Every structure is written in structure tokens, then in C-alpha cells.
Amino acid sequence: MFLTFLFLFFFLFVLYPLGHLFVGFERPVLDAQIWTPFLNSLKLGAVVGFLASLFGFVLALATTQKKLFGRKIFASLATLPLISPPFVLAIAMILLFGRQGVITQTVFAGTPLFPIYGFWGLALVEVLAYTPTAYLILKGVLEAIPASMKEAALNLGAGRRYTFLKIVLPLAKHGLISSFLLVFMESLADFGNPLILSGNFEVLAVKAYMEMTSFYNIHAATAMALMLLAPSLIAFFGQRLFLKKSVVVVGGKSQGSSFDWLGKKPRRVLFLLCSLYSLLIILMYGMICVGSVTKAWGVGFAFTLGNFKEVWELSSKTLFDSVFLAFISGPITGLLGMAIAYLVVRRKFLGRRLLEAVTLFAFAVPGTVLGLSYAIAFNKPVLGLPVLQGTWAIILLLFVVRNLPVGLQAGVAVLNQVDKSIEEAAMNLGAKGWGLFRRVTLPLMAPAFFTGWAYSFVKAITAISAVVFVVSGNWSLVTVDILGLVENGELSYAAALSLILIAIVILVLLGIKFFVGLVSTRGLGGALRGV
Amino acid sequence: MQVSIRDLTKVFQEKRREIAAVDHFSLEVESGRLVTLLGSSGCGKTTILRMIAGFETPTAGSVSIANHNMNGLPPNKRPVAMIFQSYALFPHMSVFENVAFGLRVRNLPRREIKERVEKILKRVGLTGKEKRAPNQLSGGEQQRVAVARALVVEPEVLLCDEPLSNLDQSLRIKMREEIKRLQKELGLTILFVTHDQEEAFYLSDHIVLIDAGKIIQQGTPKDFYENPKSDFVRDFLGGIKRVDGELVRVIAKT
Ligand SMILES: Nc1ncnc2c1ncn2[C@@H]1O[C@H](COP(=O)(O)OP(=O)(O)O)[C@@H](O)[C@H]1O
Ligand SMILES: [Mg+2]
């Protein structure tokens with residue numbers, strides 16, 4: 001019964017809308033108009049994937065050194081971009097290096113240091129926005145390398161450099177590739193940053209949006225969406241393949257060790273690199289703060305608190321809508337994710353793998369593609385449902401479908417840890433089916449549930465690429481409002497609204513953490529790694 | 001003396017509390033001997049080995065090996081090899097590469113590496129399994145790789161940290177026989193850590209019983225049986241019974 005519901009759900013809200021992309025597809029659309037943005041997207045994704053993985057690796061290496069001064073601070077700053085919409089960094093970039101940017105005006109006398117509208121500006125911002133993803137994956141990978149592995153190498157006479165090159169790096173290799181592919185996917189799907197910064201450097205996600213909303217050219221839009229879908233799917237399944245192939249540590253458990261295998265000099269270098277990176281992050285977010293209290297950016301730089309009042313009047317409704325929808329998407333995603341995890345891990349039934357694959361599939365589909373397909377598919381009544389386009393339901397559905405894979409992975413991770421014998425003991429005592437799940441398994445899975453909740457909330461409230469296609473006059477989201485402000489050149493308002501959004505995210509996260517005490521970035525990292 | 005440990009002390013700082021994991025520990029080990037550090041979990045055995053290997057800096061005291069003072073020397077410059085409790089085999093390398101690791105580090109010629117690795121693999125009975133990955137081996141075979149990898153670099157001292165504790169009972173007995181045989185054949189100097197008194201008695205030339213970082217009693221297995229110094233020693237050894245009471249009378253039967 002529940003299974004039927006699940007399969008129906010995925011059919012209706014993943015496969016059915018995506019099917020619409022193929023229906024509208026026509027070959028002649030594939031001309032030069034589409035190849036340039038396609039190649040641009042791939043190039044951007046590759047560069048960002050490489051650089052973000054490099055940065056993430058350095059940060060992960062540093063924060064896993066117990067003796068590194070300030071590692072806790074570096075770790076929190078490294079993940080800061082996760083809790084803000086990615087394109088907030090693009091705003092900061094303009095405030096710093098744009099024509100009216102602080103640095104441009106003060107240091108370079110009005111001539112921008114480098115063209116921020118185009119490939120390099122965009123790449124830099126995306127690297128900063130997606131380094132946290134790489135960092136969390138690689139931190140998990142490095143933590144999983146037992147200390148005894150490095151000690152054994154040193155014990156056999158290897159120096160620190162040799163140990164790093166022959167032991168640590170090879171053991172992190174699969175993690176590095178997997179991080180590259182995931183960031184590549186995130187960059188492909190990114191919508192907000194290229195919309196603000198791409199300039200003449202056209203990318204598919206933005207182009208598809210333009211075709212759909214400005215020119216009403218569904219053929220072109222769907223063709224571009226499909227072109228976006230293909231590399232993303234390849235990257236996703238490649239990433240899963242690499243994770244499966246990663247090497248397994250054999251032998252018994254080993255104790256943690258406080259031995260400092262890296263040594264003083266490399267540690268100083270790491271400290272320096274992390275400090276520079278952290279300074280850049282502080283500068284970016286500091287700029288958002290400065291921008292939010294500056295009257296009409298670019299015209300005189302006068303201090304004001306009026307921006308907050310203005311944006312509150314403009315956007316308090318969408319702000320509430322965003323918080324409301326993102327907040328309730330949390331428990332739905334958490335519960336569904338755990339239920340599916342339970343079915344996939346503990347029950348044997350036909351289509352078990354299929355259920356898992358279909359759930360994860362939603363993660364492989366770029367937000368832009370899913371959003372576009374929703375806009376086309378649910379513009380008309382389906383299966384007796386009323387028209388979804390323009391309602392809150394379609395936004396909520398997108399949130400849930402997009403974040404379910406992470407909820408599922410969090411659930412699977414916990415279930416694999418929870419000893420099956422606990423459940424079997426309960427079964428012997430007469431618990432079964434739903435009762436067993438509710439009384440025994442559910443409490444054991446509570447941490448995964450709340451991790452899923454927190455993750456969904458953050459992801460949903462900062463999301464833009466999918467939802468931008470399904471918002472309407474009645475139901476809009478704050479991220480869409482911020483983007484609109486940027487497009488109108490209202491940078492101060494955009495900064496103020498971003499700041500309010502970030503504050504709300506932090507408050508809600510602290511709230512969840514306070515009440516549960518179970519949500520941690522480690523859980524988040526685990527979930528990210530699993531997907 | 002092959003190994004000479006003087007007043008070795010390690011104090012860990014944990015949440016403003018000081019734990020003396022090792023407390024003025026002194027020991028002399030002659031070349032070619034197998035000496036066991038015996039004690040219950042948490043008594044400081046691993047910490048002693050880690051200080052000898054250079055992974056922990058002693059709070060006080062000194063270690064010297066083959067008449068060289070080890071203080072301040074980094075782990076990769078010490079003439080010791082360690083067999084870890086978890087084996088710590090490199091999962092991304094074949095059996096051959098695992099064993100060859102210590103020789104490659106030393107930049108030996110290929111031919112010599114091949115010869116030495118094959119020779120030691122033959123000794124531990126792993127010939128034919130060179131190409132396997134560690135996760136394609138049984139627990140006992142993994143153990144042998146760990147032994148081979150440590151022995152191939154011809155260390156002055158072999159340090160073993162409960163190497164048999166991850167094996168099942170029958171394999172444990174078999175492996176300890178092999179270790180004893182290898183030690184006799186190759187004349188190895190071994191510092192062997194265990195919490196299993198039976199293992200200690202089977203293997204050792206000399207046993208050092210430790211509690212809370214301090215030596216309680218040391219001597220040959222025979223010394224321990226014939227002259228346990230305290231109730232603690234008796235309790236730990238379990239097998240030796242003491243009967244309390246007073247001899248009242250002896251009844252002789254005619
Ligand atoms: N890195 C460390 N930091 C703090 N305390 C430690 C550390 N390593 C060991 N200890 C403490 O020192 C004591 C001895 O530990 P250990 O040498 O591992 O014992 P054994 O190997 O005999 O079981 C224990 O109380 C342990 O908690
Ligand atoms: Mg120990």
C-alpha cells in the first residue's frame with residue numbers, strides 16, 4: 001500500500017514531468033546557438049570542480065590536524081556558504097570588484113581589477129560557493145583514513161612527504177574524484193550566479209530559463225534542459241561508481257591517535273592557506289553586511305538602516321512563505337527519506353533497488369531541468385489533480401523531491417549502523433510491521449530524521465534553480481526576490497534581504513540544534529558523501 | 001643491551017586532569033629475546049610501545065636501542081618495526097607492495113627488493129598470494145602480511161601490539177606458534193604486548209607484569225609460578241591458587 005503510494009509519487013513527480021522534456025524535443029534545435037552555452041557550462045563545471053576540490057582538500061587536511069591553531073574557526077568559516085543562497089557571493093563580488101565596487105573605487109581608481117562579468121568572475125564565485133561541498137566530502141574521506149595507516153608508513157621508514165604521496169593521497173583519490181564530479185554537477189545546475197555574473201559567457205541553465213520565460217520557446221528550452229541533463233547524469237553515476245570502488249580498510253578497529261604525522265612546516269603552510277581563504281570568506285560576507293547598511297549602492301556610500309525597513313515592507317510576505325514552505329518540507333523529507341531507507345535496507349521486496357534508484361535519480365537531475373519540466377507538466381490538470389502551477393503545493397513538491405535523496409542517504413547511513421539484532425529482539429517480543437517501525441526503528445533513526453530536516457530546510461530556503469520556474473504572483477520565494485533586486489541594480493536592498501535570510505537560517509538551525517542536540521555538520525557531511 | 005628503557009614516563013593531559021599512563025618504567029632487553037608486556041586494558045602497554053616507536057614523546061625518561069639514544073628521533077629514523085593491533089595494511093596496495101613498502105622507502109635496487117620480499121613471503125607462507133589485495137585475504141593471512149612487512153626491513157626490535165587479539169581462538173594458537181618459531185629461527189628481539197596471560201606464558205623468555213603504568217613483577221614464566229610476589233599477581237595469573245587457613249593436624253593413615 002505504502003509502496004504503491006511511493007512508486008506512484010515518484011512516477012507522478014519525477015518521471016512524468018521529465019517525460020515532457022522528450023515530447024517537446026526536436027532535432028533542428030541543436031545548432032550553434034546551443035553548442036556554445038553547452039561547452040561553456042562544461043568548461044565552467046570542470047574548472048570549478050577542480051578548484052573547489054583543491055580548496056576543499058586543503059581545508060579538510062588542515063581541519064583534521066589536531067594541532068592546527070584555529071582549526072575550529074576555519075571549519076565553521078569553510079561551511080558558511082552552505083547556509084546562504086550561493087548567489088549571495090555573486091552580490092558580494094559586485095560590491096567588491098564591480099564598477100562601483102569598494103576595492104575597484106578605492107584601490108584601482110574606478111577600473112575593475114578583472115572583468116567579473118564573465119568566465120573568471122563566475123568561476124571564482126562558484127568555487128567559493130561550492131568549496132563547502134568538496135570540503136565536507138573530503139573531510140569525511142580524510143577522517144576515514146586510520147591514523148595507524150600513516151604511522152605504519154612512518155614506522156617503515158617513510159618520510160612525511162612520502163607518506164602523504166603514497167598513502168594519504170591514494171586513499172583520498174576516490175573522494176577527490178567524487179568531489180570533483182559532485183561540484184561539477186552543482187556548477188552545471190547553478191542558476192543564480194550565472195544569471196547575475198555570466199555577462200557574455202552564456203551557460204545552459206540561464207539560457208534555458210530565458211528561452212522559457214522571455215521567448216516562450218519551449219522547444220529550445222527543453223532541448224537545452226536535455227543537454228544539461230546528460231552530463232549531469234553521467235557525472236552522478238560516475239560518482240556513485242567511484243564511491244563503490246573506493247578501497248576498504250581491513251583488519252580490526254584502530255584507536256584514534258594524537259600523533260602529528262604532518263609536521264610543523266606543512267602545518268604552517270596549511271595555516272596560512274586557511275587564513276587567506278577565511279579572510280576571503282569574511283571579506284565577502286562582510287561586504288554583504290556593509291552593503292546592507294549603505295544607502296543606494298554606488299551613489300555616495302552613505303550609512304542607513306532604512307534598507308531593512310524597505311525590504312521588509314517589500315518582501316516580508318515572500319520571506320514568510322519561504323520560511324513556511326522550507327520549514328514544513330523538512331519533516332516531510334525527513335519522514336519519507338527514513339521510510340524509504342527502512343524499506344530499502346531492512347525489507348526484501350521486488351523493486352527495492354528500483355525504489356532507491358528512483359529516489360536518488362532526483363538528485364542527479366539539475367534543479368533547472370526539474371523546475372522547467374514541472375512548469376511544463378503541471379500547467380494543466382493531471383490525473384484529476386487541480387492545476388498545480390502557481391500554487392504552494394508545486395513549490396513544496398519540488399523541495400521534497402529535490403531533498404529526498406539526502407534524507408534517504410542519512411536514513412541508510414543510520415540504519416546500517418543500528419544493529420539489526422535490536423529490531424529482531426523487538427520482533428521476538430511481538431512487535432511487527434508498522435508497530436515495529438514506529439516503536440523501535442523510528443527512535444533509533446531520530447538523528448537521521450533531524451539531520452534530514454535541517455538539511456532540507458537549509459537547501460529549500462536557499463534554493464533558486466528549480467523553483468524559479470514555478471513561482472507565481474501568489475506564491476513566490478525570497479531568493480527570487482533577491483535575484484530580482486540584483487537584476488534591478490538594487491544591490492543594497494539585495495544585501496539587506498540576503499542578510500535577513502541568513503539570520504533566519506542561523507536562528508532556525510540553532511533552534512533545531514537546541515531542541516534536539518543531534519544535528520551536526522558531520523551528519524550533513526555524511527549525507528552529502530553518501531549521495 | 002638491545003633495548004634499554006630508563007624511567008620512561010608519560011603523563012597525558014585530559015580535561016585538566018593528569019593521567020600517568022606510564023610511570024617510571026625501566027626495562028632491559030637482551031638481543032634475541034622475546035619479552036612480553038602483560039597487563040589489563042588501559043595499563044599503559046600501548047603507550048610504552050608508541051614511545052619506543054616515536055609516536056609519543058615521553059614526559060621523562062629515555063629509550064635506547066642497540067646503544068643509540070632514541071630521544072628526539074622521528075619515527076621514520078628509528079630501527080624498530082611495529083605490528084599494529086589493526087595490522088594497518090595499506091588497502092590500496094597488493095600483498096607484494098605492502099611488504100615492499102619499507103624497502104622502496106630505502107631506495108633499494110628492484111632486484112634486491114623482489115628477492116627480499118619473496119624470501120620473507122615464503123617464510124610466512126604467503127607465496128602465491130603476492131598479487132592479492134588485503135581485503136581478499138583471511139584474517140590469518142592479513143596477520144602474516146603484517147609480520148612480513150615488519151620483518152623485511154630487518155629491524156633491531158620488533159614491536160607487537162596485541163597482534164593476535166583480532167583472530168579467533170584456534171588461529172590465535174597457531175599464529176603464536178609461528179611467531180615463536182620465526183623468533184627462534186631468525187633470532188629476533190621482540191617486545192610483545194598482550195593482556196592474555198596464557199599467550200604471555202607460552203611465548204615469553206621474560207614477562208613484565210604492569211598495572212597502572214608501573215611494573216608489578218618481572219621474571220621468567222617459571223619465576224611467576226614459583227614466586228608470585230603479591231595477591232595481585234596471583235589474581236592476574238588466575239591459575240595459581242592460594243589456600244588460606246592454618247594447618248591444624250595431619251592425619252596419617254596406617
Ligand atoms: N592520546 C591519549 N590522550 C589521553 N590519554 C591517553 C592517550 N593514549 C592513552 N591514554 C590513556 O593512557 C592509559 C593507557 O593507555 P594504553 O597505553 O592504550 O593502555 P593499554 O594499551 O595497556 O590498553 C589509558 O588510561 C588511556 O586512556
Ligand atoms: Mg593497547
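α1(B) gives the largest share of the shell around ligand 1, with three residues. Helices (H or I, at least four residues) and strands (E, at least two) are DSSP runs, numbered from the N terminus. This is a predicted model, in which local features need pLDDT of at least 70 and side-chain atom pairs count only at pLDDT 80 or more, while totals for chains, interfaces and linings use all residues. Residues are numbered from 1 along each chain as its sequence is written, chains are lettered from A and ligands numbered from 1 in the order in which they are written, and side-chain values use heavy atoms, with hydrogens and water left out.

Start with the ligand. Ligand 1 lies between chains A and B. A residue is near a molecule if one of its heavy atoms lies within 4 Å of it. There are 12 residues around ligand 1, and Gly42(B), Gly44(B), Lys45(B), Thr46(B) and Thr47(B) come nearest. β1 (3–14) and α1 of chain B each supply at least two residues of the shell. Sorted by class, the shell has three nonpolar, seven polar and two charged residues. Here Ala, Val, Leu, Ile, Met, Phe, Trp, Tyr, Cys and Pro count as nonpolar, Asp, Glu, Lys and Arg as charged, and the others, Gly among them, as polar.

Now look at single atoms. A polar backbone atom of Lys45(B) is 2.9 Å from an oxygen atom of ligand 1. In Thr46(B), an N or O atom of the side chain is 2.5 Å from a ligand oxygen. Thr47(B) has a polar side-chain atom that lies 2.5 Å from an oxygen atom of ligand 1. The protein covers 72% of the 560 Å² of accessible area that ligand 1 has on its own (Shrake-Rupley method, 1.4 Å probe).

Next, turn to the two chains. In chain B, 31 residues are in contact (heavy atoms within 4.5 Å) with 28 residues of chain A. The chains bury about 2,500 Å² between them, 65% of it on carbon and sulfur atoms. Buried area is the accessible area (1.4 Å probe) that two parts lose on being put together, summed over both.

How many salt bridges does the rule find across the interface of chain B and chain A? It finds one. Arg50(B) pairs with Glu151(A), and their closest N and O atoms are 2.9 Å apart. The rule asks for a side-chain nitrogen of Lys or Arg within 4 Å of a carboxyl oxygen of Asp or Glu. The side of chain B that touches chain A draws two or more residues from each of α1 (45–53), β6 (80–83), α2 (95–105) and α4 (139–151). α2(B) gives the most, with four residues.

Technical notes. A polar contact is a pair of N or O atoms within 3.5 Å; within protein, one must be able to donate a hydrogen and the other to accept it, and residues adjacent in sequence count only if both atoms are side-chain atoms.
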